[in-house]
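Work through the exercises below with the structure in view. Try each task before reading its solution.

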Amino acid sequence: MTDVLFEITEEHLETGMRGYPVGLCTTSSVDPQKGLFYVGRPLSKLARRRPEEVIYLLYHGHEASEKELADFVADIQKRSVCSPKLLEHVRQLPREGHPMKVFCASILLMGMLEGTGDYREDCLNVIAKMPEVVACLINHHAGWGGTKPSKPELGYMENFAQMLNVPNADLAALTEVFTLFNVLHYDHGGGNLSCFTGKTIASGLEDMYGSLTGAMAALAGPRHGKANQNCLAFVQEVLEELGENATEQQVEQLIRERLAEGGLIYGFGHAVLRVEDPRATVLFEVAHEKYPNNPLVKIASLLRRAGEKVLGENPKISDPHVNVDAVSGTLLSAAGFPYPEYYTVLFGLSRVVGISIQIVYERLEARNGKGTPIIRPKYLYNGHAPA
Ligand code: MLT
């Protein structure tokens, strides 16, 4: 007799499966009160570490020794070389529409041209090659010209930053913020929409690339990954309306008015968290340390305080705290990347790491190596009443 983990009653139907346990996750967990943990370690302890160290931790489930890390880095660098044919096809994709569409199409192309059919190999190859593919697709979509040759020896995010032709870039500032953003977004438990979608597709034994394409289509929605783009637009609107010397009272007033008109306040609340998102805490710390006078940073900080106050007054709002999106776009802009339509692509560049590792677990390790079965939940029939 196993323990009852969660009793499903009628009131749980059509609630987005919120809180239903459906499986095991070896990479990360999200505690409503304590936030995100990678392999049992609180995110705040890992946020400033090298991407390669954190990816190693997520992939292997333990910290790397010096030698293990050096071998892992060498392996990732070796795998990072994309074929000229793949990059050429990416550059031929249409530039119309949102760049997440180009991202999804690029992942399919990767699978068609470079997929091995082995989940573990493809997981490591995706992690290794993705920075060049994403740099290439952003340069192409933005009309920023050809992508500079990859130099993986510079480091995972250092190489990404140097390949992107961001106009008037301060490369050091950009690299620092890209690195932080990348590490913070790798994984968020097993049940976030993109990850669950990727694992669901893989449960039908679709390969890694098809599964990640579906996962990234899920990430592209405004309720999920695209919220970071929409959030920056909101901070910008508030800045335009109130100016950079706005007071907290003015911001509070604006929030109250928006809510009274039925408008949305972006960057607050989370499906799981009931405290401030620790990723937002880290990003705000860096924003205050590096860019305290940036007008967007000032407004995002006022929104953080005033929003929590106003939303916290409503007992129906279970999480009135800021989430990661409240400040990620603000910090990217402050560091010299004011291109919100690419923010969800940067989220995807990071999140494919966690999703592909979770797919490896579900396909090759779960249930003593048998893997999880095809996902097939039950829907209760509720036909139309007879006319
Ligand atoms: C996140 O990063 O916050 C997520 O992917 C959303 C979630 O956990 O449901």
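**Exercise 1: A pair across the chain**

In this predicted model, Lys 298 and Glu 244 form a salt bridge, with 3.1 Å between the closest N and O atoms. Task: state where the two partners sit and how many residues apart they are.

Solution. 
- Step 1. Lys 298 belongs to helix α14 (residues 295–312).
- Step 2. Glu 244 is in the loop between α11 (227–242) and α12 (248–260).
- Step 3. The partners are 54 residues apart, and the pair links distant parts of the chain.
- Step 4. Lys 298 has a relative accessible area of 25%, and Glu 244 has 34%. Buried means under 20% and exposed over 50%, so a value in between counts as partly exposed. Lys 298 is therefore partly exposed, and Glu 244 is also partly exposed.

**Exercise 2: A network**

Task: describe the salt bridge of Arg 41 and Glu 63, then name the network that includes them.

Solution. 
- Step 1. The side chains of Arg 41 and Glu 63 meet at 2.8 Å, N to O.
- Step 2. Arg 41 is in strand β3 (residues 41–42), and Glu 63 is in the loop between α2 (51–60) and α3 (66–79). They are 22 residues apart.
- Step 3. Arg 41 is partly exposed at 26% relative accessible area, and Glu 63 is partly exposed at 32%.
- Step 4. The structure holds 20 salt bridges. Those that share partners join Arg 41, Arg 49, Glu 53 and Glu 63 into one network.

**Exercise 3: Around the ligand**

Task: which residues surround the ligand, and what classes do they belong to?

Solution. 
- Step 1. The surrounding residues are His 188, Asn 192, His 224, His 270, Arg 279, Phe 347 and Arg 351.
- Step 2. This shell has one nonpolar, four polar and two charged residues.
- Step 3. Oxygen atoms of the ligand lie 2.8 Å from a side-chain N or O atom of His 270, 2.7 Å from one of Arg 279, and 2.7 Å from a polar side-chain atom of Arg 351.
- Step 4. Taken alone, the ligand exposes 270 Å², of which the protein buries 83%.

Note on methods
Residues numbered from 1 in each chain as written. Predicted model: local features only at pLDDT ≥ 70, side-chain atom pairs only at ≥ 80, totals over all residues. Heavy atoms only, no water. Near = heavy atom within 4 Å. Polar contact = N/O pair within 3.5 Å; in protein donor to acceptor, adjacent residues only side chain to side chain. Areas by Shrake-Rupley, 256 points an atom, 1.4 Å probe, with all protein chains shown as cover. Nonpolar A, V, L, I, M, F, W, Y, C, P; charged D, E, K, R; others polar. Salt bridge = Lys/Arg side-chain N within 4 Å of Asp/Glu carboxyl O. Helix = DSSP H or I, 4+ residues; strand = E, 2+ residues; numbered from the N terminus. Buried < 20%, exposed > 50% of the residue type's maximum accessible area, 1.4 Å probe, protein only.
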